[in-house]
Amino acid sequence: GRPVEKQTDSTHAINPETILSEQGLKEAKKSSSEKWKRRRIISLYLLTISILFADMNLLAPNLSTIADEFGFDDDERDVKLGGLIALGFFFVGAP
C-alpha cells in the first residue's frame with residue numbers, strides 16, 4: 001500500500017485503521033456486486049437451459065397426436081418426428 005502521511009492537526013489525522021476499514025468496505029462492496037453479477041449470469045443460464053430443453057418434454061408425449069394431425073404412418077412418425085425433429089432441436093441447442 002501507500003505510505004500514510006500524518007497531518008499536524010489531530011482532528012484531520014489519517015488513521016491507518018480507518019484506511020484499512022475503508023478498503024475493506026470497498027472490497028466488500030466489490031465482492032457483493034460480483035456475487036450479484038454471478039447470480040444474474042447463473043439465473044439467465046438456468047432459464048435459457050430450461051427453455052431450450054422444454055420443447056423435448058412437450059414433443060415426446062405428443063408424437064402420436066402430431067403424426068395423426070399431419071397424416072403420418074407409424075414409420076414416418078418415428079423417422080420424421082422422433083428422429084429428424086429431435087436432431088434439429090439438438091443442433092440448435094448444441095453448444
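This is a predicted model: local features need pLDDT of at least 70, side-chain atom pairs count only at pLDDT 80 or more; totals for chains, interfaces and linings use all residues.
Ground rules. I number residues from 1 along each chain as its sequence is written, and side-chain values use heavy atoms, with hydrogens and water left out. Local features need pLDDT of at least 70 and side-chain atom pairs pLDDT 80 or more, while totals for chains, interfaces and linings use all residues.

Fold. I looked up the secondary structure and found three helices and zero strands, in the order α-α-α along the sequence. Helices here are DSSP runs of H or I with at least four residues, strands are E runs of at least two, and both are numbered from the N terminus.

Surface. Of the chain's 95 residues, 5% are buried (under 20% relative accessible area; exposed is over 50%, partly exposed in between; 1.4 Å probe, protein chains only).

Rings. I found one aromatic pair. Phe 70 and Phe 72 have ring centres 5.9 Å apart and planes at 25 degrees, so I list them as stacked (centres within 6.5 Å, planes under 30 degrees apart; over 60 is edge-to-face, the rest tilted). Phe 70 is exposed at 58% relative accessibility, and Phe 72 is partly exposed at 22%.

I also noted Arg 39 over the face of Trp 36, 5.0 Å from the ring centre (CZ of Arg or NZ of Lys within 6 Å of the centre and within 35 degrees of the ring normal).

Arg 77. I placed this residue in helix H3, residues 74-93. Leaving out residues up to four places away in sequence, Arg 77 touches Leu 63, Ser 64, Ala 67, Phe 72 and Gly 82 (heavy atoms within 4.5 Å).

Key: Rings of Phe, Tyr and Trp (its six-membered ring) pair if their centres lie within 6.5 Å; planes under 30 degrees apart count as stacked, over 60 as edge-to-face and the rest as tilted.
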